[in-house]
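Please keep the sequence and the model in view while reading.

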Amino acid sequence: MAEKETKKENNKMKGIRIQKLCLNICVGESGDRLTRAGKVLEQLTGQTPVFSKARYTVRSFGIRRNEKIAVHCTVRGPKADEILERGLKVREYELKQGNFSAHGNFGFGIQEHIDLGIKYDPSIGIYGMDFYVILARPGYGVRYRRKKKSKVGFPHRLVKDDGLRWFQQHYDGIILPGK
């Protein structure tokens, strides 16, 4: 019985890793501020960011449909680990339980991008940003591939507790109660 349990723990297909890290800066208006926010993301990731458009007009916010209002970037691999580490350092490795989704993914925000180690530039200004981390196990590609698409079985799927446990073990993180 004990041999069976160690076999389950050592299964490398059960290991959890970061599939991708999504960074988002929502400015709420198009123009110069949005362009500068794009420069911040480009400095941080080394990739060209993508601009997001408003889905519909909200007169109270002063935005129109299809107006560019945000900029985002998706990072994968070791670069995602490095940027996430810097972001969690700003948050002092503390996340609330409400930051975790039902599928084990989690997200958080920071107030100032200069806390990540980027030098302050008066011509750019200071921007806050959102981090969202998607976790996965090896073999999750079967649900996204083009040919022979398949479902991931329930024992292999991630749940909220898996994400919480991974965060606590991998980063020695502290989970605070509440939303």
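Y93, F100, F106, W166, F167 and Y171 form one aromatic cluster. Rings of Phe, Tyr and Trp (its six-membered ring) are paired here if their centres lie within 6.5 Å; planes under 30 degrees apart count as stacked, over 60 as edge-to-face and the rest as tilted. The structure holds 8 aromatic pairs. One of them joins Y93 and Y171, which are stacked at 6.4 Å centre to centre with 25 degrees between the planes. Because Y93 lies in the loop between helix 3 and strand 4 (94-96) and Y171 in helix 4, this pair ties together parts that are 78 residues apart in sequence. The pair of F100 and F106 is tilted, since the ring centres are 5.1 Å apart and the planes stand at 35 degrees. Buried means under 20% relative accessible area, exposed over 50%, and partly exposed in between (1.4 Å probe, protein chains only). Y171 is buried at 8%, F100 is buried at 5%, and F106 is buried at 0%.

The model is predicted: local features need pLDDT of at least 70, side-chain atom pairs count only at pLDDT 80 or more, and totals for chains, interfaces and linings use all residues. Residues are numbered from 1 along each chain as its sequence is written, and side-chain values use heavy atoms, with hydrogens and water left out.

A nonpolar core is a set of buried Ala, Val, Leu, Ile, Met, Phe, Trp, Tyr and Cys residues joined through side-chain atoms within 4.5 Å. The largest such core has 39 residues, and those with the most contacts inside it are L23, I25, L84, F106, M129 and F131. Elements giving two or more residues to this core include strand 1 (17-26), strand 3 (68-75), helix 3 (78-90) and helix 4 (160-171); helices (H or I, at least four residues) and strands (E, at least two) are DSSP runs numbered from the N terminus. Apart from this core lies another, of 5 residues, among them A54, V58, I63 and A70. Contact means heavy atoms within 4.5 Å. Beyond its neighbours within four places in sequence, L84 is in contact with I18, L21, F106, F108, V133 and Y171.

How are the strands arranged? Two strands pair if DSSP finds at least two bridges between them. Strand 1 and strand 6 run antiparallel and are joined by 7 bridges, with R17 partnered by A136 in strand 6. Strand 1 also pairs with strand 3 in the antiparallel sense, over 6 bridges, and I25 stands opposite V71 in strand 3. M129 lies in strand 6 and is buried at 2%. Its C-alpha atom is separated by 9.9 Å from that of V71, 58 residues apart along the chain.

T45 is found in helix 2 and is buried, with a relative accessible area of 5%. A polar atom of the T45 side chain lies 2.8 Å from the backbone oxygen of L41, and the T45 side chain reaches the backbone nitrogen of Q47 at 3.2 Å. Leaving out residues up to four places away in sequence, T45 touches L23, C73, V75, K79 and I83.

How many disulfides does the structure contain? The search finds 0 disulfides, a disulfide being a pair of cysteine sulfur atoms within 2.5 Å. For C22, the nearest cysteine sulfur is that of C73, 9.1 Å away. C22 is partly exposed, at 23%. The sulfur of C26 is 15 Å from the closest cysteine sulfur, in C22, and is therefore too far for a bond.

Methods
Polar contact = N/O pair within 3.5 Å; in protein donor to acceptor, adjacent residues only side chain to side chain.
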